[in-house]
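Subject: Structure handover

Hello,

Here is the structure for you to take over. Please look through the sequence and coordinates first; my notes follow below.

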Amino acid sequence: MLSCFLVAINSIRVVIPAISLFGSAPTFFVVWFLSRLITFIFCPHYIYRRCDDYLYSLYQKFVLFFFEHWTNTKIYFHGDYEEIMKKKENVLFISNHQSSAVRQDSLGHIRYILKNELKWIPLYGFYFQQHGCIYVHRNDKGDLERVEKGIGQIKSNGLPVWLVIFPEGTRYNPIKSQDVIERSRQFAKQKGVPPFDNVLYPRTGATIAAINALKDNFDAVYDVTVMYSPTYDENRQIRLAASSMAEFLQGQTKELHIHIKRISIDTVPSKTNEQISNWLYQRFIIKDKLLKYFYDKNRKNKYSLDIDLNEEGIQAPLHLSETIFSCIFFLLTTFLLLITPQGRSLYWQICLFGAPLSLLWMHIFSPKNIN
């Protein structure tokens, strides 16, 4: 009986956020479309971009309401966190897993380089592309061209930007992705460099394209390493995969440790593509070292990740006031849309026809089809 109750509670912890986020997708789409239409008719293009950044910031805070306040996961920041909190700058953000810019009030400026499968998320997948995110395939020769065109569009907007790249290309999963890890090791061997134990060999194309195109626009690189606890099996002495979205919402991640290294863009060697590639590899050597240290069961202080300084991380919970307005806004506007017959009709039409039409649009007007 107790086990059934616990299963039901865990299911609710996942179902409510899922219904809230996906159920509000048609509402988000209506708000975005109206803002796009109004600004297209009456305003210069940069006004739309500013409005779009604000709307995207609202959406990201809506997501963060569930991932920070719903789960009660404790978040610790390490490295240069206090320094970057004093700044508001244009950033190339490289990470092993997703993190957040909310604490710098920069959420709306985020553009991701995303794996192509995410474009199939109903309505949101279409919007991400409209916002300036760039979809790439794995091991596709056309990826570099898509990235270069997408970054060129970001540059032409002339707005503040956080460009987020996940150079590994996929999640490190030592249980289910042994083939991926082995390919990474073989690739390192071909390059004549030591393989990694806790990260995958970084794919350099997107980082090279970003630095070449936007070096004059960036102020810094934020090298971010995200570590989940508990994700180590002491019995088998192996690292486990990071929590899935469902596991995270169920509260299985008790602590999240985020190490941030701020690197001035002027110090990044970028005269040649090879220099950028080698620099990125060196950054991943440090990531691998951090993760090894994090999973060392003999580590004396589990809240310290600054290997040289031995300083403890800073617990920086996000205040509820940062996210509650966005949550209320999207849930309330969805409710108001559904209480009238006309609103319900529009809602279901968007659900039925919006997703396939937006996918068709992305296929016809994808970067590879635009000269």
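A definition to begin with: pLDDT is the predictor's confidence in each residue, on a scale from 0 to 100. It is needed here because this is a predicted model. The mean pLDDT of the protein chain is 82, and 85% of the residues reach 70 or more. Where pLDDT is low, the predicted coordinates should not be read in detail.

Overall make-up

The protein chain has 12 helices and 10 strands. Of its 371 residues, 49% are buried. If contacts are limited to residues at least 6 apart in sequence, 77% of them join residues at least 24 apart. The accessible surface is about 19,600 Å², and carbon and sulfur atoms account for 59% of that.

The annotated spans

The unreviewed UniProt entry annotates residues 323–340 and 346–365 as "transmembrane region". In the model, residues 323–340 are 83% helix and 0% strand, with 27 Å between the end C-alpha atoms. Residues 346–365 are 95% helix, again with 0% strand, and their end C-alpha atoms are 25 Å apart.

A nonpolar patch on the surface is formed by Phe33, Leu34, Leu37, Ile38, Phe40, Ile41 and Phe42, which together have about 780 Å² of accessible area. Phe33 belongs to helix α2 (residues 25–42) and is partly exposed, at a relative accessible area of 43%. An α-helix has 3.6 residues a turn, so residues three or four places apart point the same way.

Helix α3

Ile47 is in helix α3 (residues 45–70). Ile47 is partly exposed, with a relative accessible area of 25%. The C-alpha atoms of Ile47 and Arg36 are 9.8 Å apart, and the two residues are separated by 11 places in sequence.

Arg49 is also found in helix α3, but counts as buried at 8% relative accessibility. Leaving aside residues up to four places away in sequence, Arg49 touches Arg111, Gln130, His131, Asn157 and Leu159.

Salt bridges

How many salt bridges does a search of the whole structure find? There are eight. I describe some of them here.

Asp53 and Arg111 meet through their side chains, with 2.9 Å from N to O. This pair links distant parts of the chain, with Asp53 in helix α3 and Arg111 in strand β3, 58 residues apart. Both partners are buried. Arg111 is also one of the residues that Arg49 touches.

Arg262 forms a salt bridge with Glu89, and the closest N and O atoms are 2.9 Å apart. Here too the pair links distant parts of the chain: Arg262 is in strand β9 (residues 255–264), Glu89 is in the loop between α4 (81–85) and β2 (91–95), and 173 residues separate them. Arg262 is buried at a relative accessible area of 17%, and Glu89 is buried at 10%.

Asp223 forms a salt bridge with Arg283, with 2.8 Å between the closest N and O atoms. Asp223 lies in strand β6 (residues 220–229) and Arg283 in helix α10 (residues 273–294), so the pair ties together parts 60 residues apart in sequence. Asp223 is buried, with a relative accessible area of 3%, and Arg283 counts as buried at 12%. Lys287 joins Asp223 and Arg283 in a network of salt bridges.

Two further points

Is helix α8 (residues 205–214) largely enclosed or open, and why? Seven of its 10 residues are buried, so helix α8 is largely enclosed by the rest of the structure. The buried residues are Ala206, Thr207, Ile208, Ala209, Ala210, Ile211 and Leu214.

Leu123 has a positive phi of about 65° although it is not a glycine. Leu123 sits in the loop between β3 (110–115) and α5 (124–131). At 6% relative accessibility, Leu123 counts as buried, the cut-off being under 20%.

Regards

Notes:
Residues numbered from 1 in each chain as written. Predicted model: local features only at pLDDT ≥ 70, side-chain atom pairs only at ≥ 80, totals over all residues. Heavy atoms only, no water. Helix = DSSP H or I, 4+ residues; strand = E, 2+ residues; numbered from the N terminus. Buried < 20%, exposed > 50% of the residue type's maximum accessible area, 1.4 Å probe, protein only. Contact = heavy atoms within 4.5 Å. Areas by Shrake-Rupley, 256 points an atom, 1.4 Å probe, with all protein chains shown as cover. UniProt positions renumbered as here; feature names shortened; annotations may be inferred. Patch = residues over 30% accessible without salt bridge, like charges linked within 9 Å, V, L, I, M, F, W, Y side chains within 5 Å. Salt bridge = Lys/Arg side-chain N within 4 Å of Asp/Glu carboxyl O.
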